[in-house]
Amino acid sequence: MKYNIIYIHTHDSGRYWSPYGYDVPTPNVMEFAKKSTTFRNCFCAGPTCSPSRSGLLTGTYPHQNGMLGLAHRGFALYDYHDHIANYLKDSGFKSVLCGVQHVAAHKSTIGYDTIVGTKDKDLFDPVSMEKWDRDNADALCTYLQKTKSEKKPRFVSMGFFSTHRKYPAPDPSVVNADYIHAPFPIADCPETRQDMAGYCQSAHIFDECFGKVVTSLEQNGYFENSIILLTTDHGIAFPQMKCTLYDTGIGVACIVYYPGNHANGTVCDALVSQLDIFPTLCELEGLEKPERLQGVSLLPLLEKKSAAVRKEIFAEINYHAAYEPARCVRTDRYKYIRRYLAYDKPVLSNIDPSLSKTMLLSNGLAEKKGVASEMLFDLLFDPCERINLINDVSYASCAAKMSADLDDWMKKTADPILTYGARIPKPDGAVVNTLSCINPKDLDYEL
């Protein structure tokens, strides 16, 4: 019998959960990790909301599948039949959506058989966000209980809006801003600690919802016949994280459970991409892999037959609030980033509004120059990616090889930058902020 596939995902969480060593109140995630395989070095294909999800859900890079920007701003997949929900439907699965999806402007576009949960609301209000997540967790639990005897395997996508901004006010019984540290590379000060406390509160809300779903999965027998994937889209929504190609932007949590997994209860340090999830699910389900897939199966890692399945991962940025094209290749030791924007200042509208951003703006962020067009980092000696070695002669051969590897990947995947140069066209009607725009909600759009 085929496994059910339960895909549980959050907004903007990076790796800031307790199984990754952070003092973030996520005990239910921790308990789940102890039963599962925790990938310590998993990376998304694009560190913004819709592009990252498109990579995981189609098994192709954003520039291949069409999701160059955000779904709610006018970007879309070229072909929604490439979505894993439809691939699995064609293979005999029932597809179920609950909560966030973020790869289509309208969830009905994707083609799920069943949509459960509450209607979309103004989720940028923290009170509405929390209620929406809790209501959807309840709705999914009800669905799981009512349908537990169904024989047809299911693909269930459960998307939480947490830990997207705006963050809820910290509950002192959960987190105290005086006794936490702002996440690197953000300066530690009262504003950033308060900001991080808000993230921790949002993570706590997600964790409670996740715990409820896991309990329902256990009580209704799904742990006996399901693959359960817990992940997020990209790094947390702080400056120098989300919408950057630093590890703080592309690094994601990825925790996988299935019955009989030889690697359950362990961590895996191998370099992996979220693009590897699609082919892994195909192998676990005994299904033929679509030819378009760009990832590799993680089964050799899960079966403890190999210590590695790939030598490098690739990631990209195109459109977020504003256009900021960039590409990167990362190995176990090195990271090479290439920016295509002739603009050496931070693209401010691609940084979510926050206490941390306000603090940095008040101290001159808008005037800060020096964003390099090429960057090379030796992650063994510089895991924080602070020292750009692109002009260091002792790293010249490394830089040349990684630049060539990036060029080769772009050619093999028909990257549109090779056709259009630094300006990939946006779809008609897509909403994009100007480079001078400070906040994404400002009505300062490209014509």
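Keep in mind that the model is predicted, so local features need pLDDT of at least 70 and side-chain atom pairs count only at pLDDT 80 or more, while totals for chains, interfaces and linings use all residues. Residues are numbered from 1 along each chain as its sequence is written, and side-chain values use heavy atoms, with hydrogens and water left out.

Let's start with the rings. There are 19 aromatic pairs here, meaning rings of Phe, Tyr or Trp (its six-membered ring) with centres within 6.5 Å. Take Y319 and Y323: their ring centres are 4.4 Å apart and their planes meet at 40 degrees, so this pair is tilted. That label sits between stacked (under 30 degrees) and edge-to-face (over 60). Both Y319 and Y323 are buried, that is, under 20% relative accessible area with a 1.4 Å probe, counting protein chains only.

Elsewhere, Y16, Y22, Y167, Y199 and F238 make up one aromatic cluster. F238 also has a charge over its ring: the charged end of R165 sits 4.7 Å from the ring centre. For that label, NZ of Lys or CZ of Arg must be within 6 Å of the centre and within 35 degrees of the ring normal.

Now for the helices. E191, T192, Q194 and D195 in α6 meet L355, S356 and M359 in α10, where contact means heavy atoms within 4.5 Å. Helices here are DSSP runs (H or I, at least four residues), numbered from the N terminus.

How values were computed: Buried means under 20% relative accessible area, exposed over 50%, partly exposed in between (1.4 Å probe, protein chains only). Helices (H or I, at least four residues) and strands (E, at least two) are DSSP runs, numbered from the N terminus.
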